[in-house]
Amino acid sequence: MGALDGRPEAEIAAALAEYRSGARPASVMGRIAKGFSEDESRAIAAYLSRRGPP
Ligand code: HEM
């Protein structure tokens, strides 16, 4: 189980949006997040939030 599995979708999406805009300080996530479009970031957040222990 990954560290983000089951975290609220809105939380993950907000973190990715802030990394993308630079609003959230980051060492590597800014660079990674800028590689995804808004739609892709939302899809990733939805996917991770729906994961969890079996
Ligand atoms: C699609 C892939 C990824 C997603 C969706 C993702 C998502 C996230 C999220 C949501 C956080 C915030 C966690 C929190 O505040 O609790 C975070 C932080 C972080 N992630 Fe990722 N991550 C991804 C890939 C990676 C990779 C490949 C690395 C390392 C090579 C990485 C390194 C980090 C680091 C170091 C932080 C802390 C903030 C920083 O200093 O940049 N992430 N990530």
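Predicted model: local features only at pLDDT ≥ 70, side-chain atom pairs only at ≥ 80, totals over all residues.
Local features need pLDDT of at least 70, side-chain atom pairs count only at pLDDT 80 or more, and totals for chains, interfaces and linings use all residues. Residues are numbered from 1 along each chain as its sequence is written, and side-chain values use heavy atoms, without hydrogens and water.

**Core.** The largest nonpolar core has five residues: I12, A13, L16, A45 and L48. Such a core is a set of buried Ala, Val, Leu, Ile, Met, Phe, Trp, Tyr and Cys residues joined through side-chain atoms within 4.5 Å. Helix 1 and helix 3 (38-49) each give two or more residues to this core. Helix 1 gives the most, with three. Helices are DSSP runs (H or I, at least four residues), numbered from the N terminus. Beyond neighbours within four places in sequence, I12 is in contact (heavy atoms within 4.5 Å) with L4, R7, A45, L48 and S49.

**Two residues.** Buried means under 20% relative accessible area, exposed over 50%, partly exposed in between (1.4 Å probe, protein chains only).

| Residue | Relative accessible area | Class |
|---|---|---|
| S41 | 3% | buried |
| V28 | 47% | partly exposed |

S41 lies in helix 3. Leaving out residues up to four places away in sequence, S41 touches L16, R20 and F36. V28 sits in the loop between helix 1 (9-21) and helix 2 (29-33).

**Surface patch.** V28, I32 and F36 form a nonpolar surface patch, with about 240 Å² of accessible area together. Areas come from the Shrake-Rupley method with a 1.4 Å probe. Patch residues have over 30% relative accessible area and no salt bridge, and nonpolar side chains are joined within 5 Å. A salt bridge is a side-chain nitrogen of Lys or Arg within 4 Å of a carboxyl oxygen of Asp or Glu.

Notes: Patch = residues over 30% accessible without salt bridge, like charges linked within 9 Å, V, L, I, M, F, W, Y side chains within 5 Å.
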